[in-house]
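Subject: Structure for you to look at

Hello,

Here is the structure I said I would pass on. Please open it first and keep it in view while you read the notes below.

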Amino acid sequence: MEEALRLDPGEPCPPLSTDTAADVVVLGGGYTGLWTAFFLKEREPGIDVVLLEQDISGGGPSGRNGGFVNGFWDELPTLADLYGDEAALAICRAADRSIGEIGEWCVAHRVDAWYSRAGDLGISTSPAQDGAWRENAETAQKLGADQEYVELSHDEVAERFRSPVARGGVFMPGAAHVQPARLARGLRRVVLERGVRIFEGTAVLRFRASSPAEAETPRGLVRAGSAVLGLGAYAAALRRFRRAILPRASSIVLTAPAPERLQEIGWTGGEGVYDYRSTLHYLRTTPDGRIVFGGAGARTGLGTGLGPRMDFDEAAAIRLVRELHRWFPSFRDVPVECAWGGPIDVTGLHLPFLGTLSTGNVHYALGFTGGGVGPCHLAGRILSGLALGADDEVTRLPIVGAEPKPFPREPLRSPGALLVTQAIMRKDDAEDEYRRPNRLVDLLARLPRRLGYNLGP
Ligand SMILES: Cc1cc2nc3c(=O)[nH]c(=O)nc-3n(C[C@H](O)[C@H](O)[C@H](O)COP(=O)(O)OP(=O)(O)OC[C@H]3O[C@@H](n4cnc5c(N)ncnc54)[C@H](O)[C@@H]3O)c2cc1C
């Protein structure tokens, strides 16, 4: 975000200071809210849209994620189980179109978000992870989407990227990457140009799903015919979504530029890389030769709010630097320039959920589970359609209106989530050291699967 703001701070969007009315009020200025505002204006240029953001637009996860732009191919088996093969394929194809359209949109609107469609490498870093991609690849093949996964031997992985931890892997050519904050800020500029009224530094303190919907902020009330909730993990503070979302921290460290070291390890193709730990590591390069190294942490949102701050978790950053050096010993003397984190909105089946509250005029898209950069574009298109009463190809996708699998109630949920995520992390660590986790850790780490949850690979 610092880099994006240096490039273009954008015009100011002062806080709301008086009551106002609008056709649609959008809560949250992340990708979901901004894409929804964009598509509303595309569909109806004259529509009056107010967007309320407590921070600056993109100040949440949308402006500080890893920038991996993926669709839903890795969720294909779950989607096929839930909705059948054909519908699962339709969802994946729609998400795939979003990946391409984000790139086209950046060109059309002169947003230099470093968009590149270089694909992702999924690699195994322990015997326990070997072949972890096979179920996805086989399902894709069975449904005629075999080009989405290209299995690679250890030597083939090494042709693209050399690390002592890498074993075999799989190449997913459809994935793209962006500088996340440049995309968020570019979206902000474009929707402002189209007349969306954005109020930043404007936290919604109370929201009523009435008709009209009412969003109360410290210095003004917004009344609108319909409302869109694009609140990401922060929606866990709303009673309606408390059991649907488990906020969990994800953190990133960023090295100084070292393009010559990337040359040495052969990682010059711009591919994103991730492993198959449940507490996923995700890493990529930047055009100036840095490594961005991210990982899911053990911190979870406690109680009703987000609990411990997730903007920066020192213990997670230290862990990630250690992992970075294990993956790339030649980066030991390259400084790590910054570290940050943010909340991801984990759902029980690793899938987002979209829909409309029973009042009929409040629409939401939540639970992107650490994978929203691409899907929020599709969500924005769907939400704009729902807000305008459209009945089209994307509003009819079966992810719209699906109820998420609820997490257990408090007081079980918070301590349970903490215990289980810590066990998952210890299991992942043991397996990365080619050890078997102890039996209690293994039992706890497997508990979510036994209870029908899908919290990761
Ligand atoms: C460290 C990290 C790395 C990630 N890496 C990736 C990745 O590489 N690829 C990927 O696909 N996904 C990644 N994600 C997830 C991705 O960033 C999210 O899925 C996506 O940004 C969700 O967008 P959103 O608009 O739904 O929510 P958000 O970006 O969370 O936006 C919600 C907005 O609502 C605002 N808000 C909250 N409460 C209020 C209120 N009461 N009043 C007003 N405003 C409010 C927040 O300030 C925030 O700006 C990552 C997330 C994190 C934290």
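The second largest pocket has 27 residues in its lining, and Met1, Glu2, Glu3, Leu254 and Trp340 are the ones nearest its centre. The elements that give two or more residues to this lining are α1 (2–7), α7 (180–193) and β16. β16 gives the most, with four residues. About 680 Å³ of space lies in this pocket. By class, its lining has eleven nonpolar, seven polar and nine charged residues.

Some background on how to read this. The model is predicted, so local features need pLDDT of at least 70 and side-chain atom pairs count only at pLDDT 80 or more, while totals for chains, interfaces and linings use all residues. Residues are numbered from 1 along each chain as its sequence is written, and side-chain values use heavy atoms, with hydrogens and water left out. A pocket is an open set of points on a 1 Å grid over the protein atoms alone, with protein on both sides within 12 Å along at least five of seven lines; a cavity is a set where a 1.4 Å probe fits but cannot get out, and lining residues have an atom within 4 Å of a point. A volume is the space filled by probe spheres set on the points, which are joined across faces, edges and corners. Helices (H or I, at least four residues) and strands (E, at least two) are DSSP runs, numbered from the N terminus. Ala, Val, Leu, Ile, Met, Phe, Trp, Tyr, Cys and Pro count as nonpolar, Asp, Glu, Lys and Arg as charged, and the others, Gly among them, as polar.

Now the cavity. The count comes to one cavity of 30 Å³ or more. The largest cavity has a volume of about 60 Å³. Residues lining the largest cavity include Arg277, His281 and Met425. β15 (291–300) and α9 (314–327) each supply at least two residues of that lining, which divides into four nonpolar, four polar and two charged residues.

Next, the ligand. Of the 35 residues around the ligand (a heavy atom within 4 Å), Thr32, Glu53, Ser62, Phe68 and Val204 come nearest. β16 gives the most to this shell too, with three residues. By class, the shell has 15 nonpolar, 18 polar and two charged residues.

Regards
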